[in-house]
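Have the viewer open and follow along.

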Amino acid sequence: MDTLNSLADGFAIAITWQNMSLALLGCLLGTIMGALPGLGPSNGVAILIPLAFTLGLGATPALILLTSVYYGAMYGGRISSILLNIPGDEPAMMTCLDGYPMAQKGMAGEALSLSGIASFVGSFLATWGLILLAPQLVKIALLFGPAEYFALFTLAFATLGGVSSTNQAKSAFAAALGLGLAMIGVDTQTGVPRMTFGEVHLYDGIDFLVAIVGLFALSEVFIFLEHRHGESDAAHRKIEIGRLWPRLSMLKQSFGAMLRASGLGFLAGVLPGAGASLGAFLSYSVEKKISDRDGTFGKGDPRGVAAPEAGNNAAAGGALVPMLALGVPGSGTTAVLLAVLLSLNITPGPLLFTRNPDVVWGLIAALFIANFMLLLLNIPMVGLFTRVLMVPPRILMPVVAMVSFVGIYGISGSSFDLLVMVGFGVMGWALRKLDVPLVPIILGTLLGNAMESNMRRAITIKDGDWSALVASPLSIALWAIALAGFVLPIVVGKLVKTRMIGARRTEQAEEMDVTD
Amino acid sequence: MSDRIFGIFGVLLAIGYAFAALAIQESFLSDAVGPKAFPLIIAAVLGLASAAIALRPDPEPVWPGLMRLVEIIAAIVVLVLYAELLPVLGFIIATAFASGYLTWRLGSKPLASVVIGVATSLSIYAIFHLLLGLALATGPFGF
């Protein structure tokens with residue numbers, strides 16, 4: 001009952017004209033960003049953070065805007081998967097498998113609306129999951145001392161590469177690089193400058209927003225320049241939407257798939273090291289095992305569209321659980337949302353629920369509202385969003401670059417930060433070529449200082465005894481999970497990755513055989 | 001080969017980072033751990049990870065040809081110039097040039113690039129400055 005009361009309070013906070021219009025704006029922008037190739041949930045939100053920040057929005061309105069963008073982008077990713085067989089973002093990869101064949105059969109409209117409904121079901125159930133699970137996790141987290149937090153941060157880094165990671169050394173490199181960057185600036189505990197090399201601009205440290213926008217948004221511009229990928233993928237194709245509403249029988253048939261996928265996706269989102277892509281992959285594979293009796297999967301089976309979409313949207317909601325309750329994000333986009341919170345001077349974690357209940361419950365209420373708005377936007381107006389696919393990158397990418405500059409310049413008004421951002425953009429491009437994940441870098445710059453101060457506090461309490469870090473059963477357990485999470489992908493990572501890619505290949509190969 | 005070079009670069013970076021960490025001045029008012037310990041741990045992780053990358057390289061990534069590489073370097077130069085000249089020229093002029101250049105290099109025709117550049121600049125100015133009231137760089141002409 002307590003929960004329902006808090007939720008009602010949350011709705012009271014969220015339902016104001018300003019917040020509702022921000023949610024609507026966020027949903028629209030998010031869906032557009034998700035649909036556009038080259039812009040996904042993480043870089044979409046990344047570009048908008050400095051803007052929300054400089055516009056002087058309060059904590060709750062800013063969060064409402066940005067989480068609406070996040071949810072919207074998760075919806076939008078499916079549009080180009082279905083129409084063009086090109087995933088709009090990574091989690092939407094599995095939606096190509098049955099979505100595109102459905103579109104080829106002239107059922108594009110039905111595939112779009114069905115996946116819209118599946119996205120809705122996934123997010124809706126996951127938001128309930130968030131409400132029920134997060135307070136329980138908070139209870140555990142309240143037992144954490146500094147040593148446990150240090151172990152928890154290590155766990156987050158160790159598992160961030162994910163089960164599908166093929167090169168853990170590169171994930172570790174990225175994490176160390178991010179942490180190393182966070183050390184730049186004046187040490188908060190003793191006041192001595194570190195790694196500044198006498199440069200006054202560096203005394204405040206590197207603003208993580210500069211790093212995020214550079215790494216996520218600008219590096220994308222360089223990728224497009226490298227391939228001179230200037231024309232729209234939709235330019236010379238005829239996109240026919242057809243019937244807009246799915247048949248009732250189709251809905252009934254795929255309803256079970258949506259429920260199963262929501263459960264799986266939510267779990268994948270909550271667990272460290274999984275995330276939305278794996279959520280979609282798991283949901284699709286399990287659904288195929290359960291329902292594919294006549295071999296229709298991969299040839300436009302509606303259940304094959306419903307399952308991964310419900311799965312990846314549920315995972316997006318699930319990923320918010322550790323982010324809000326522990327302050328430790330498990331995926332790229334939630335890392336970006338953590339950046340939002342930190343730049344609004346809100347520290348997520350167990351205390352957030354007791355100190356700023358208005359922020360937490362306002363946010364959760366906003367998730368429900370955004371989800372309904374997205375459902376309404378995505379079914380009747382889906383035709384509008386498909387037009388977005390026609391925007392060629394040669395116009396879009398310069399806009400992305402310039403808006404990034406506007407945002408960062410708005411924060412500091414200094415050319416120095418813009419130069420640092422360009423530097424991060426170049427670094428992001430090179431690291432992406434070398435297959436080094438960018439998310440641990442971001443997480444490192446975000447969490448570095450908190451991680452260090454927890455370590456120092458834990459040891460200082462015990463008068464400089466380093467064994468304080470492994471003194472409690474809870475911290476030993478966390479270290480054990482961290483170790484397992486880091487080692488496991490070395491053993492099974494290649495297998496999972498090849499299966500994920502392999503699944504796509506074989507489906508497409510089969511599809512070729514059929515059409516030939 | 002790329003990974004080997006990258007790994008060696010990472011090891012050097014780690015060594016440099018460790019030296020920079022050792023050079024941190026200790027304050028006389030310090031906690032039991034001090035400001036050096038955590039950076040040194042980071043340097044160790046960085047070094048080990050880089051060594052692992054160098055010893056067990058991944059398959060070679062597809063690097064762009066020389067022309068494409070020049071393209072990227074040229075774009076970097078333009079963006080650096082943009083960052084430096086933004087407060088001098090003002091938002092509208094600097095942005096029109098930068099976005100015009102980028103769209104041209106992404107395949108717009110020269111004349112179209114001019115139009116797209118100016119249009120991008122003006123619409124960002126209209127939305128973010130006139131509508132939302134964000135402070136943008138002001139040049140000699142006040143915009």
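## Chain A overall

In this predicted model, buried residues account for 61% of the 516 residues in chain A. Of the contacts in chain A between residues at least 6 apart in sequence, 81% link residues at least 24 apart.

The secondary structure of chain A amounts to 21 helices and two strands. Its radius of gyration is 22 Å, close to the 24 Å that the globule rule gives for 516 residues, so chain A is as compact as a globular protein of that length. Along the principal axes, the C-alpha trace of chain A spans about 70 × 50 × 50 Å.

## The largest nonpolar core

Which residues touch the most other members of the largest nonpolar core? Among its 220 residues, they are Leu66(A), Leu152(A), Phe173(A), Ile212(A), Val213(A), Ala339(A) and Ile442(A). Domain 1 (2-55) and domain 2 (66-131) of chain B both contribute residues to this core, so it lies between them.

Beyond its neighbours within four places in sequence, Leu66(A) is in contact with residues including Gly26(A), Val45(A), Leu48(A), Leu337(A) and Val340(A).

## Helix α19 of chain A

Helix α19(A) covers residues 415-433, and its 19 residues reach 27 Å from first C-alpha to last, close to the 27 Å expected at 1.5 Å a residue. Its buried residues include Asp417(A), Leu418(A), Met421(A), Phe424(A), Gly428(A) and Trp429(A).

What do the buried residues of α19(A) pack against? Their partners are α9 (208-227) and α18 (393-412) of chain A, together with α3 (66-89) of chain B. Just after α19(A), Asp435(A) adopts a positive phi of about 70°.

Technical notes. Residues numbered from 1 in each chain as written. Chains lettered and ligands numbered in written order. Predicted model: local features only at pLDDT ≥ 70, side-chain atom pairs only at ≥ 80, totals over all residues. Core = buried A, V, L, I, M, F, W, Y, C linked by C-beta atoms within 7 Å. Buried ≥ 20, exposed ≤ 12 C-beta atoms within 10 Å, placed from the backbone. Domains from an automatic or database assignment. Contact = placed C-beta atoms within 7 Å. Helix = DSSP H or I, 4+ residues; strand = E, 2+ residues; numbered from the N terminus. Expected span 1.5 Å × (residues − 1). Rg over C-alpha atoms; globule rule 2.2 N^0.38 Å.
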